[in-house]
Amino acid sequence: MTISRRGLLGTGAALGLLTACGSHTGRDDGGPGGGPELSQWYHQYGEQGTEQAVKKYAAAYDKARVTVQWRPGNYDEQTAAALLTDSGPDVFEVNGPTLDQIQGKQIADLTGLFEGVKDDFNPAVLAPKTYDGRIWAIPQVIDMQMLYYRKSLLADAGVEPPRTLDELVDAAKKLTSKKTKGLFLGNDGGAGVLGGTPLYAAGLELVTEDGKVGFDDPAAARALGKIHQLYADRSLLLGAPSDWSDPSAFVQGLTAMQWSGLWALPTVQKALGDDFGVLPFPKDGAGEPSVPVGAYGAAISTRGKHQQAAKDYLKWLWIDRTEYQEDFALSYGFHIPARISLAKKAGKLRKGAAADAVRFTTDHGHAQPLRWTPASQTAYQDALSRIIKDGASPDSELKKVVRKVSADLDRVKKK
Amino acid sequence: MSLRQEGRRQAIPRQRGSRQGGTARKWAGVQNRTLWFWIFVGPFLLGLGVFTYIPLGWSVYLSFFDAHNTVTPSDFVGLGNYTAMLKNEAFTDSLWTFLVFSLFIVPATYALSLALALMVNRLRHAQAFFRSVFFLPAACSYVVAALIWKMSLFNGVRFGLANTVLGWFGGDQIAWLSTTDPPWYWAVIVTVRLWLQAGFYMVLFLAGLQRISPTLYEAAAVDGARPGWQVFRHITFPQLRATSVAVVLLLVINAFQAFDEFYNLLSDARGYPPYARPPLVYLYYTALGQGQNLGLGSAGAVLLALIIAVVTVGQAKWFGLGRKEAQ
């Protein structure tokens with residue numbers, strides 16, 4: 001059979017029309033049940049079953065048709081760019097939000113959704129989502145980081161679990177041998193993951209409550225100098241095939257201690273049984289032990305067409321349906337529910353290292369403050385890298401960071 | 001439409017037939033070149049304008065404003081973003097990183113690929129085999145090669161290949177990608193790129209070598225030139241000038257576009273270390289990442305474009321590109 005040009009064009013046009021009729025943008029009104037259509041974004045979790053779980057939650061909501069997008073890649077950058085357009089999500093997970101996003105009116109105010117339940121949310125993770133007395137995202141689950149140590153290796157070396165930064169430096173040195181390094185803080189020596197943790201351990205802060213630089217103090221340089229000491233002593237594991245977030249180096253015996261997340265606990269338990277313990281980052285000087293905590297939040301874009309419907313959905317999902325929150329936190333990975341009441345009753349968090357982790361979060365948890373902008377973060381992290389790896393003077397590096405952070409704090413204060 | 005084209009169009013005798021036929025000819029006749037020009041080129045020009053030139057112009061405009069989380073700014077800051085970017089250590093460090101990288105990788109790849117081409121060209125047997133062997137890495141993805149280098153050859157633990165070899169000789173383990181003093185990470189970045197691209201440039205040089213007339217070598221031999229360095233210096237190398245210009249230009253462009261190996265070897269979830277952050281990546285984080293400082297990012301993009309333009313023009317002048325044509 002031969003096909004004429006006219007016939008081919010006609011068929012193409014007909015197919016095009018059919019395709020157009022069947023197109024679905026995910027942004028139209030009129031989903032089943034009469035509710036609006038909402039688009040919801042999540043970053044790609046590494047845990048099996050999480051994607052199916054969030055799709056199941058969305059499908060169970062009957063007042064709107066929620067389309068879930070599971071987005072791999074640089075999620076924070078994707079959402080930040082999407083907030084500038086009308087084609088972004090209605091509802092989305094946010095690693096923040098940032099102060100610029102709030103001040104730029106890109107995020108909807110969710111304060112009203114917390115009526116009667118605000119005190120049940122962990123204050124450490126609610127604080128960075130609060131600005132000007134208003135709450136801009138609902139914390140979903142809490143993640144925290146801590147120090148894992150191998151009990152048998154410490155016992156063999158005659159080392160006690162370190163309670164101060166000086167003890168950590170000594171312990172890491174004593175635990176270092178030809179085959180095993182003392183401590184793993186990530187392949188960059190801790191510049192990326194530690195962030196403000198050593199400063200909090202030294203009794204300082206990244207940003208004070210009144211919006212000033214919180215580490216313009218000699219104690220900061222002293223604490224960071226000790227992290228360099230770990231590097232200079234060759235006590236740090238560097239160049240491991242997997243990075244700090246993966247417990248492989250620890251369970252394979254490449255390191256006696258590793259800084260990692262609560263999410264690594266099931267893997268460590270499975271591999272080592274009871275032969276491990278967990279600690280917060282040890283204190284330095286007059287400070288207190290510290291652990292970083294953080295929570296992805298659920299937020300609403302102000303450019304969405306159905307803001308009230310989106311708010312209703314978020315209230316249903318992350319405030320009313322507590323069984324979904326517990327399932328999301330503990331059935332796939334290992335996280336702490338953001339609601340204090342849920343964290344208390346969760347059986348998996350009541351004993352052993354998991355219970356210690358929950359206690360560290362409550363007693364020593366510090367979240368990255370809202371005023372700590374991405375520009376401040378880059379300047380501080382670069383300085384930390386130069387201090388740790390290059391042996392740059394902590395004093396002069398921190399002075400430069402203080403100048404940069406002060407300027408950025410002034411900028412956000414003016415808005 | 002030009003007068004010449006109009007004249008041609010009118011010179012075509014009217015076809016017999018309906019008015020519709022006349023209209024069709026008017027709009028689609030083979031001689032109506034202006035119409036066809038716009039039908040074929042118009043959509044591309046429109047796309048170029050909408051997706052390239054307007055955003056480019058808008059970016060230059062944005063660079064003079066404080067534009068956080070918006071592309072429609074109102075606070076004019078003059079050259080403030082430019083001075084901030086030039087004082088920004090993270091940006092200047094990234095420029096320095098890429099300058100050092102280019103200064104090393106361009107001559108190293110040039111010398112290695114030329115040496116390989118000279119060796120393969122001299123082979124009397126199995127030339128095709130060795131040409132394929134040296135060229136094959138060019139078919140490998142930068143991502144895959146970088147991950148093999150990172151995970152297998154140059155990881156910092158005792159079972160990495162490089163550290164195993166060091167261990168045989170009693171050497172200490174080296175954290176290849178995490179050590180800045182000495183900066184071993186350069187060895188990893190440079191070797192992976194050399195392995196990947198030397199074969200491709202070797203093929204370009206081989207083509208250049210095979211275009212050199214044998215009579216030149218015969219004449220040189222008659223004149224008493226010694227085979228080896230003397231012939232290479234006075235015959236081969238000058239005859240490869242055109243190939244060399246092309247190779248160096250491609251190498252410089254590729255060096256400034258380097259991203260894959262930096263990303264796969266040195267970045268992690270929290271970004272890049274300050275000594276190995278590509279400038280374009282820094283601008284991406286500043287403007288489109290969580291920073292969302294579109295004014296500052298645009299100023300950085302303009303600065304980077306100016307630097308690349310100056311380097312390209314300087315390089316073209318140095319190689320004398322276009323000189324012959326002008327004469």
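A quick definition to begin: on a 1 Å grid over the protein atoms alone, a cavity is a set of points where a 1.4 Å probe fits but cannot get out, a pocket is an open set with protein on both sides within 12 Å along at least five of seven lines, and lining residues have an atom within 4 Å of a point. This is a predicted model, where local features need pLDDT of at least 70, side-chain atom pairs count only at pLDDT 80 or more, and totals for chains, interfaces and linings use all residues. Residues are numbered from 1 along each chain as its sequence is written, chains are lettered from A and ligands numbered from 1 in the order in which they are written, and side-chain values use heavy atoms, with hydrogens and water left out.

Q: What volume does the largest cavity have?
A: The structure holds 2 cavities of 30 Å³ or more. A volume here is the space filled by probe spheres set on the grid points, which are joined across faces, edges and corners. For the largest cavity that comes to about 60 Å³.

Q: How many charged residues are in the lining of the largest cavity?
A: Both chains contribute names to this lining, including A:Lys178, A:Leu254, B:Val157 and B:Arg158. Asp, Glu, Lys and Arg count as charged, Ala, Val, Leu, Ile, Met, Phe, Trp, Tyr, Cys and Pro as nonpolar, and the others, Gly among them, as polar. By class there are 3 nonpolar, 3 polar and, for the charged ones, 4.

Q: Which helix gives the largest share of the lining of the second largest pocket?
A: This pocket has a volume of about 630 Å³ and is lined by 26 residues. Helices (H or I, at least four residues) and strands (E, at least two) are DSSP runs, numbered from the N terminus. The largest share, 3 residues, comes from α8(B).

Q: Is A:Arg386 buried or exposed?
A: A:Arg386 forms a salt bridge (a side-chain nitrogen of Lys or Arg within 4 Å of a carboxyl oxygen of Asp or Glu) with B:Asp93, the closest N and O atoms being 3.4 Å apart. B:Asp93 lies in α5 of chain B and A:Arg386 in α16 of chain A, so the pair joins two chains. Buried means under 20% relative accessible area, exposed over 50%, and partly exposed in between (1.4 Å probe, protein chains only). At 13%, A:Arg386 counts as buried.
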